[in-house]
Amino acid sequence: MSSDASEDWKSYIQRIEELAGRSGLSFHPVDFEAVPDTFMMEIAVYGLPVRMPHWSFGVRYIYQLIQRHMGHSRLFEVVFPGNPGHAYLASSNGLAENILVTAHVLGHADFSRNNLLFRRCQEQVSEHIVEHAASHARQIQQAIETYGMQRVETVLDAALALEQHIDVDRPLRRPRYPEYEAEAKALVDDAFRKRFASLDPTAAPTGLEVRKRAPVPPHPERDLLWFVANYAPEMESWERDIFLAVREESFYFYPVFATQIMNEGWASYWHARLLREADFVPQQAYLDAIKCHSDVVRPIAADQQVALSINPYHLGFSMWEKIVEAEGIDAARNIMQQDDDFGFIRNHLTRDLADELGLFRFTARSDGQVKVLEHDLTGLHEALLSSKYNFGAPTVSATHVRSDGTLELTHDNAIDGRGLDLERSRRVLDYVQRVWRRPVVLTTVNQAGSTLELTAP
Amino acid sequence: MSTDNPGPDAAKWYELFSRGARDWLRHDEKVRESVRQHLPQIVAGGDVMNGGARTVRVPVRMLEHYHFRLRRPEESQGAGQGKAKPGDVFSDPSKQRGPGEKGPGGHDEGEVQLLLEFKVDDIVDWLWEEMQLPNLKARVGPSEETDYVREGWDRRGARSRLDRRRSFKELVKRRGAPGATPTFTDEDLRFRQLARRKQPAIHAVVFFLLDVSGSMSDRDRKLAKTFFFWVVQGLRREYRSLETVFVAHTTEAWEFTESEFFQVSGTGGTVTSTGLAKVREIIDERYNPNRCNIYLFYASDGDNSVSDATDAREQLTSLCTDACYTGYVEVSSGLSRQLATETGRLFAELASTGCAAGSYALNDFEDVWGAVRHFFTAENRALEGS
């Protein structure tokens with residue numbers, strides 16, 4: 001593209017921002033930057049503009065290259081929440097695309113400033129995740145220089161394998177478990193107690209109870225990254241730091257993951273609306289932008305007859321339009337602030353809308369045969385959400401540390417409905433065992449549903 | 001509210017450096033490492049000698065970084081969109097291409113295969129390290145001569161030794177980024193340098209004697225061929241000038257070129273002494289045992305005709321006095337007879353008289369390395385003893 005187009009676009013940013021402000025959006029300032037497509041692709045691969053090195057990103061990078069080569073995906077923008085937010089726009093975007101994307105970015109900025117999940121995360125992780133991630137990357141680079149690639153990779157193999165295993169219901173910065181079990185409340189030397197004691201001298205508490213060590217963990221612990229970092233018998237402090245760095249980034253990724261449908265829908269709703277109201281956009285650019293909009297929010301099934309996946313932009317956009325139409329923008333803003341995808345889909349994807357959009361539930365056999373199921377709204381909700389439970393990962397908790405230091409992990413197959421993939425689980429245990437430095441045991445169920453124990457080494 | 005970006009001239013860091021490519025290279029390195037660990041198995045069966053190529057191609061899959069995943073269900077549920085009525089049954093078009101890996105919640109990564117190319121020289125180096133094979137010691141020698149070898153770079157040098165790639169790198173380093181019109185200065189130019197290095201002056205010749213009688217199957221010959229190939233590589237590591245002589249025999253013997261040698265198949269019986277006699281003849285004609293290290297490797301299924309025993313022993317004993325080492329590898333597809341054959345006994349007898357000779361029963365491709373290791377360590381021991 002020519003640099004003229006980029007300058008043209010920049011002259012619109014302020015006017016779009018003013019229009020967004022007048023329309024009720026409230027957002028932190030956003031830094032816009034046009035970057036080459038290659039860099040856009042890397043942001044998509046890493047999830048952050050600068051992130052720690054690891055070979056697994058290299059694999060994703062190659063897949064992304066292949067995809068792009070086959071013309072499957074094109075990225076217009078990536079935006080990072082924060083104060084200020086950071087928006088990266090592909091420098092190959094035309095003027096119309098950039099105008100649309102700018103409005104879209106402001107929709108995201110509004111969402112990330114006001115949605116509760118995002119707000120809580122930013123309070124904990126800070127409003128500068130981009131900078132934090134860059135400093136993690138630097139810290140890990142230094143570790144590589146000090147301890148060598150091999151050792152750092154061993155730690156990253158384990159930490160990144162567990163990246164989804166955090167507990168967002170607990171704070172990012174958690175204290176260790178109490179070392180002793182809670183003591184019985186200190187006995188108050190009051191009249192009642194004296195009278196009580198006088199009834200039967202043998203029943204009176206002696207006051208010399210031995211403090212009992214609390215078991216570790218005191219309850220099944222879902223935050224495996226935190227648990228390993230805090231309780232691994234012989235982990236070095238730089239290794240713990242790497243685990244905690246990965247964990248912090250996971251805390252950042254969680255809201256992005258758990259609000260994808262809402263968030264993309266919200267941004268699409270606002271780019272469409274702002275564009276309609278932006279009388280300062282020239283006619284041709286407006287038409288081009290509208291076309292681009294309809295490409296973005298198009299159902300995947302548009303040119304085929306049936307699709308077995310759903311475009312979250314399309315679904316979210318359609319739902320927000322319905323909500324605003326039926327309940328008004330203020331109600332919509334309330335929903336945007338309070339829900340995540342779970343509440344959003346369950347509460348606001350109605351039967352009528354599902355029918356209108358032609359959504360359906362299906363079962364797919366491993367041989368590729370697909371069968372469309374009866375209409376069932378609740379079932380449809382769960383089918384849409386099933387890949388999102390527990391950060392998209394199986395429910396694995398740390399349940400016990402044996403006296404020889406062996407770590408026991410337990411997979412909750414009752415929640416997940418089936419057992420783990422055994423081969424992959426073994427490999428993960430191998431990774432974990434190398435940083436835990438004691439045996440690691442995992443309990444799950446096999447195909448027949450009977451309990452199975454995997455051990456590493 | 002956009003910030004003022006630095007002017008267009010200021011190069012952005014991400015234009016100079018691709019993290020994706022860096023991590024990809026690391027992945028590549030890891031794949032190579034793991035291939036290296038399994039190299040003996042991989043290369044033993046592979047067709048390594050095609051067209052005299054100095055590289056081996058190994059197909060590998062991309063590494064997977066493992067996460068906890070649920071077992072793949074027999075039947076999965078999902079949500080779709082489009083014109084479909086309850087009860088409709090159709091087949092998933094995305095699954096018809098083949099077994100694409102689509103885990104629960106995972107992304108479809110399909111099957112991407114990489115073809116890694118390894119230099120045969122590198123492989124030999126790794127293997128010698130990995131298997132801790134001793135380097136050969138020459139019997140004749142140790143006279144040395146000096147010669148020039150390429151070593152290092154300098155800013156000055158003869159034009160013919162200009163290293164363009166290296167010079168271009170210097171240009172890039174100096175300019176910070178490759179511009180539209182790179183212009184070299186003298187500073188950038190790098191010339192390959194030569195250094196004087198001592199090299200063993202001696203040279204060696206290896207005789208490969210192959211039994212191609214009717215009892216040797218295609219597989220037997222391929223086994224022998226694979227074994228011979230790695231023996232040549234090992235010897236080449238030590239001798240800069242290594243000559244190879246290929247002789248095949250049934251009841252008669254012929255000398256072949258390398259490319260013909262492995263295609264040869266014959267019919268009829270086995271008379272080992274004819275092959276040995278042919279080797280003798282070639283040595284007398286072309287090689288002086290005092291100036292040249294002679295190695296002989298013989299591959300056969302061991303079924304020498306009984307009437308040939310005396311002749312074969314005689315020939316072999318005479319060869320042993322001139323050769324640095326004589327090795328016998330018995331290839332047999334069937335059950336291992338553990339060298340309990342005519343020829344096997346012959347070599348055992350020879351070794352017991354203190355000759356530098358060894359035998360190995362080779363039944364399987366996985367065993368090729370065992371054979372190589374056996375001969376190279378035995379050879380070394382034999383030489384140290386002498």
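This is a predicted model: local features need pLDDT of at least 70, side-chain atom pairs count only at pLDDT 80 or more; totals for chains, interfaces and linings use all residues.

Reader: What makes strand β6 of chain A and β3(B) a pair?

Author: Two strands pair if DSSP finds at least two bridges between them. Here three bridges join β6 (residues 369-372) of chain A to β3(B), so the pair meets that rule. The two strands run antiparallel.

Reader: How many residues of chain B are in contact with chain A?

Author: There are 52 of them, facing 75 residues of chain A. A contact here is a pair of C-beta atoms within 7 Å. On chain B, the elements giving two or more residues to that side are α1 (13-16), α2 (19-37), β2 (75-82) and β3 (89-91). By class, this side of chain B has 17 nonpolar, 18 polar and 17 charged residues.

Reader: Now chain A. Why do the buried residues of α14(A) line one face of the helix?

Author: First, the residues: α14 (residues 329-338) of chain A has A:Ala332, A:Ile335 and A:Met336 buried. Seen down the axis of α14(A), the buried residues fall within an arc of 100°, so they line one face. On the other side of α14(A), A:Asp330 and A:Ala331 are exposed.

Reader: What covers the buried residues of α14(A)?

Author: The cover includes α4, α11 (260-277), α13 (312-327) and α15 (341-348) of chain A.

Reader: Which residues have the most contacts inside the largest nonpolar core?

Author: They are A:Ile99, A:Leu106, A:Ala159, A:Leu225, A:Val228, A:Ile242 and A:Val432, in a core of 130 residues. Helix α4 (residues 95-114) of chain A gives this core its largest share, ten residues. Take A:Ala159 too: leaving out residues up to four places away in sequence, A:Ala159 touches A:Leu225, A:Ile242, A:Phe243 and A:Val246.

Reader: What makes the core with B:Val212 a second one?

Author: A core is a set of buried nonpolar residues joined through C-beta atoms within 7 Å. The set with B:Val212, B:Ala323, B:Tyr328 and B:Val368 among its 57 residues is separate, so it counts as a core of its own.

Key: Residues are numbered from 1 along each chain as its sequence is written. Chains are lettered from A and ligands numbered from 1 in the order in which they are written. Two residues are in contact if their C-beta atoms, placed from the backbone, lie within 7 Å. Helices (H or I, at least four residues) and strands (E, at least two) are DSSP runs, numbered from the N terminus. Ala, Val, Leu, Ile, Met, Phe, Trp, Tyr, Cys and Pro count as nonpolar, Asp, Glu, Lys and Arg as charged, and the others, Gly among them, as polar. A residue is buried if 20 or more other C-beta atoms lie within 10 Å of its own, exposed if 12 or fewer, and partly exposed in between; C-beta atoms are placed from the backbone. The arc is that of the directions from the helix axis to the C-beta atoms.
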